[in-house]
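I opened the model to look up its salt bridges. These are my notes, in the order I made them.

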Amino acid sequence: MIPADDLKNIAFERLADAETLLLAKRFDSSFYLCGYSVEIALKYKICKTLNWAGFPSSTKEFEKLKSLRTHDLELLLSLTGFESEFKIRYFDEWSLISNWTPESRYHVAGLVSEAKAKNMFSFTSIILQSL
């Protein structure tokens, strides 16, 4: 089990890593880490919504919670209980962030522009502050 407060801290740590990569002009990697930061933050929000002390991390802990073993940001957002409100309040931000997939780790560098990486970082910062 990953303690909920650890999830929140990890989300902000990944965002700091994404900023370092952005400043180093590693736009694809920055974009990728921003997506993971949002994923972890949503898992934190699920814990808070369900009043869980932590999020499952092992195969055994996921046994009865298979739908939570995902990187799908849309699904994770729906499980927070705040999807409708969130999508209205953060429409622009979510429109970019929701396009993230963990498969982007396999993309050749150079597909993410500087502007897109900066927007992703900025929007991820906004999202994390809201949770």
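I call a residue buried under 20% relative accessible area, exposed over 50%, and partly exposed in between (1.4 Å probe, protein chains only). The model is predicted, so local features need pLDDT of at least 70, side-chain atom pairs count only at pLDDT 80 or more, and totals for chains, interfaces and linings use all residues. Residues are numbered from 1 along each chain as its sequence is written, and side-chain values use heavy atoms, with hydrogens and water left out.

Entry 1, the search. I took a salt bridge as a side-chain nitrogen of Lys or Arg within 4 Å of a carboxyl oxygen of Asp or Glu. The search of the whole structure returned 5 salt bridges.

I found R14 and D17 paired in a salt bridge, with 3.6 Å between the closest N and O atoms. Both sit in helix α1 (residues 4-23), 3 residues apart, about one turn of the helix; helices here are DSSP runs (H or I, at least four residues) numbered from the N terminus. R14 counts as partly exposed because its relative accessibility is 28%. D17, at 35%, is also partly exposed.

I noted a salt bridge between E114 and K118 at 2.9 Å, N to O. They are 4 residues apart in helix α6 (residues 114-130), so about one helical turn separates them. E114 has 34% relative accessibility and counts as partly exposed; K118, at 43%, does too.

Within it, K87 and E83 meet at 3.1 Å, N to O.

Notes: Helices (H or I, at least four residues) and strands (E, at least two) are DSSP runs, numbered from the N terminus.
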